[in-house]
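Subject: Handover of a structure and notes on its contents

Dear colleague,

Please find the structure for your study below.

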Amino acid sequence: DSVALYKMENKKLSKINLPEDAPVTMEIALGDELTGGGANFRSSSNSSGDASHGTSAKDEEVEVDRRNYYYAVSNFLKTFLENEESAPLFLYGLPDNQAVFKKVAKGLNVQGEISVTTSPAQLSVAELEKNVLKIQEELSRKEVAEYQKLIETKTYEQFSDIKQSASLGRLEKLFITTANLIPGFGEDPDTEYDWRQESNFTSIETISNGGDVYILEQTDAPGGKSLLGILRY
C-alpha cells in the first residue's frame, strides 16, 4: 500500500526524493477509485509453511486495488526514470507483492531474478542498506561468472602485447588483479612506480578507445590470470 525509491551507489543506500504527486501511497494514487480500503497485503502460513489466501469479496477488492496501484506506480516510474539510462530496478518486498508488480510493470528494467523478499516496513535506511547488500553480492557473483567465460576468447597475458593492443584500440577488456599492486612501493620503488605509470597509461588508452578496465581480486580474475587483455578481434 506504499512505495519508496532508493539508489544504491558505492554500497551506500540513499532515498530518492519524489515529487509531491508521486504515488507513494495507495490513497494518493487511486483516490476515489480505491475500493478495498487501502488494507495492507499479507499472506498467512500454516504450520507446514503453505501460504493461504481468502477469497471473499473484500479480498477481491483488495486485490484489484493492489493491481491498480502497482499499475499507477509502474507508469510513474517509467516517466520518472526515463533519464536514468535504463537503470536496473530491483524489488524489495514480500513475494506476493513482487509477483503482482512484475506482472503489471511494463517498460521498466525490473530484475526479476534478484530481489529481497522480506517486508521493508518500519526499517531504517541503515537496516535497508544492510539487507540490500544481498543484491550487490549476487550481482558480483554473476558478473565474475561471466568473466570466467572470457578466457575462451582471444586473449593476451604479456604486458607488452596488452600495451600494444591498447594503443591500437584492439583491447575490449583489461583485467588487472590486486596481486599486481604492491602496498606502498615495495623494495624497488623506481620499478614499482614505472609499472604503475605504465598500467595507468595502458588503462587510460583502453578506456579512451572504448574498452573497459577491471581491478579484481586474484580469485575473481578470468582463468586466475593476474593480467589479462581481451581482444575485440
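Read along the sequence, the protein chain runs β-β-α-β-β-α-α-α-β-α-β-α-β-β. That gives six helices and eight strands, where helices (H or I, at least four residues) and strands (E, at least two) are DSSP runs numbered from the N terminus. The model is predicted, with local features needing pLDDT of at least 70 and side-chain atom pairs counting only at pLDDT 80 or more, whereas totals for chains, interfaces and linings use all residues. Residues are numbered from 1 along each chain as its sequence is written, and side-chain values use heavy atoms, leaving out hydrogens and water.

Of the 233 residues in the protein chain, 30% are buried. Buried means under 20% relative accessible area, exposed means over 50%, and partly exposed lies in between (1.4 Å probe, protein chains only). Among contacts in the chain with a separation of 6 or more, 69% are between residues 24 or more positions apart; a contact means heavy atoms within 4.5 Å.

Helix H2

Helix H2 covers residues 57–80, which is 24 residues. From its first C-alpha to its last it reaches 35 Å, close to the 34 Å expected at 1.5 Å a residue; the expected span is 1.5 Å times one less than the number of residues. The buried residues of H2 are Val 62, Asp 65, Arg 66, Tyr 69, Tyr 70, Val 73, Ser 74, Phe 76 and Leu 77. Their cover includes helix H1 (26–30) and helix H3 (95–104).

Glu 61 also belongs to helix H2, but this residue is partly exposed, with a relative accessible area of 34%. Glu 61 and Leu 34 are 27 residues apart in sequence, and their C-alpha atoms are 8.8 Å apart in space.

The nonpolar core and its rings

Which residues touch the most other members of the largest nonpolar core? In this core of 17 residues, they are Tyr 69, Tyr 70, Leu 77, Leu 89, Phe 101 and Leu 108. H1, H2 and H3 each supply at least two residues of the core, and H2 gives the most, with five. A nonpolar core is a set of buried Ala, Val, Leu, Ile, Met, Phe, Trp, Tyr and Cys residues joined through side-chain atoms within 4.5 Å. In soluble globular proteins, nonpolar side chains tend to be buried together.

The whole structure holds seven aromatic pairs. In one of them, the rings of Tyr 69 and Tyr 70 have centres 5.9 Å apart and planes at 35 degrees, so the pair is tilted. (Rings of Phe, Tyr and Trp, the last by its six-membered ring, pair if their centres lie within 6.5 Å; planes under 30 degrees apart are stacked, over 60 edge-to-face, and the rest tilted.) Tyr 69 has a relative accessible area of 1%, and Tyr 70 one of 7%. Together with Phe 101, these two tyrosines form one aromatic cluster.

Lys 173

Lys 173 is found in strand E6 (residues 171–177). Is Lys 173 buried or exposed? Lys 173 is buried, because its relative accessible area is 16%. Its side chain is joined to that of Tyr 214 by a polar contact of 3.2 Å, a term for a pair of N or O atoms within 3.5 Å; within protein, one must be able to donate a hydrogen and the other to accept it, and residues adjacent in sequence count only if both atoms are side-chain atoms.

Yours sincerely
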